[in-house]
Amino acid sequence: MNYQWYPGHMTKAKRMMQENISLIDLVIELVDARIPLSSRNPDIDELGKNKSRLILLNKSDLADPEANRQWMDCFKERGFHVLEVNAKTGQGFRAIWPKVQEACKEKIERDRKRGIKNRPVRAIVVGIPNVGKSTFINSFAGKACAKTGNKPGVTKGKQWIRLNKDLELLDTPGILWPKFESEEVGKKLAMIGSMNDDILQMTELASELLAYLLEHYREALLARYQAAAEEEMTPLRMLELICENRKCYKKGQEPDYEKAAAILVDDFRNGRIGRITLEICEKGQEEEQK
Ligand code: G4P
């Protein structure tokens, strides 16, 4: 399968990001907790150097809780400030402001020493498409604005959203384009639904996903499709069992693998097989990807 995606927009997006980043103190980078590495574009490290950095493991509700903990440690070890969140429900948001203060300690201190008062921290939200940037901005800014009572002066302005007197958010997120440097990365992005399904071969994608699930989340997979464990369980055999369980047949009782594949992928993307993470944190992994 050839995974390619939106190549034409990349330079423009990067230029816009460069312009915006010069205005800000803090980069809030959203990654998908199910693939925290493949959903990052490492260019952000270059673009965001000399800025305070906060990584939000978003969609943490869909990811394996144990893996979330490991990824938190992993990013911390790499020098990032990091939090687990669910942009849809706002879970984890309460910890953001204290974390922002921690991440911007030096800037706040510098301002204080220079006698600069009331200069808020300015932040930008960045991430690859579909990672949850708009959901996050709406929900985070919505809550904070409600809290300050939408008073005059609490502008939901054109460019900056004033969250409180100490924090402003650029109202347009920065779009980073995923890096398709290896087929593995492309596959994982496809699995979580960050690519147009029209260009994907569903059965091939399902087969890759099944191979991973059989190895790492076998029980949850079998339970979802009420399948009994078999000694030699291959992805194809599992797909057959999904066909049986979901009555996916073409005319003449021929299994409809395409349909079963689409069901599986949709179940996975929506967390119906359980909370699943597709990549684990390994030392040196990020350096390899750069
Ligand atoms: P973007 O701006 O980065 O492109 O992403 P956007 O906010 O549009 O979010 C993409 C999808 O991800 C949306 O789903 C959104 O609801 C969902 N989402 C965002 N954050 C979270 C999260 O923390 N957990 C979960 N489970 N989902 C999240 P959608 O299918 O486009 O819309 P809808 O089904 O929510 O209506």
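Lys247 lies in the loop between α10 and α11, where helices (H or I, at least four residues) and strands (E, at least two) are DSSP runs, numbered from the N terminus. This is a predicted model, in which local features need pLDDT of at least 70 and side-chain atom pairs count only at pLDDT 80 or more, while totals for chains, interfaces and linings use all residues. Residues are numbered from 1 along each chain as its sequence is written, and side-chain values use heavy atoms, with hydrogens and water left out. The points below cover backbone angles, cysteines and salt bridges.

**Backbone angles**

- Most residues other than glycine have a negative phi.
- Lys247 is not a glycine, yet its phi is positive, at about 55°.
- Lys247 counts as exposed, at 61% relative accessibility; buried means under 20% relative accessible area, exposed over 50%, and partly exposed in between (1.4 Å probe, protein chains only).
- Gln226 is another residue other than glycine with a positive phi, here near 45°.
- The position of Gln226 is the loop between α9 (218-224) and α10 (235-246).
- With a relative accessible area of 68%, Gln226 is exposed.

**Cysteines**

- A disulfide is a covalent bond between the sulfur atoms of two cysteines.
- The structure holds 1 disulfide, a term used here for a pair of cysteine sulfur atoms within 2.5 Å.
- Cys74 and Cys281 are the residues joined by a disulfide, with an S to S distance of 1.5 Å.
- Cys248 is in no disulfide, and the nearest cysteine sulfur, that of Cys243, is 5.1 Å away.
- Cys248 is buried, with a relative accessible area of 0%.
- Cys104 also counts as buried, at 1% relative accessibility.

**Salt bridges**

- A search of the whole structure finds 24 salt bridges, each being a side-chain nitrogen of Lys or Arg within 4 Å of a carboxyl oxygen of Asp or Glu.
- One of them links the side chains of Asp32 and Arg34, at 2.8 Å from N to O.
- Asp32 and Arg34 are both buried.
- Between Asp111 and Arg119 there is a salt bridge whose closest N and O atoms are 3.4 Å apart.
- Asp111 is buried, with a relative accessible area of 4%, whereas Arg119 is partly exposed at 38%.
- Lys187 and Glu184 form a salt bridge, their closest N and O atoms being 2.9 Å apart.
- Helix α7 (residues 183-192) contains both Lys187 and Glu184, which sit 3 residues apart, about one turn of the helix.
- Lys187 counts as buried at 10% relative accessibility, while Glu184 is partly exposed with a relative accessible area of 42%.
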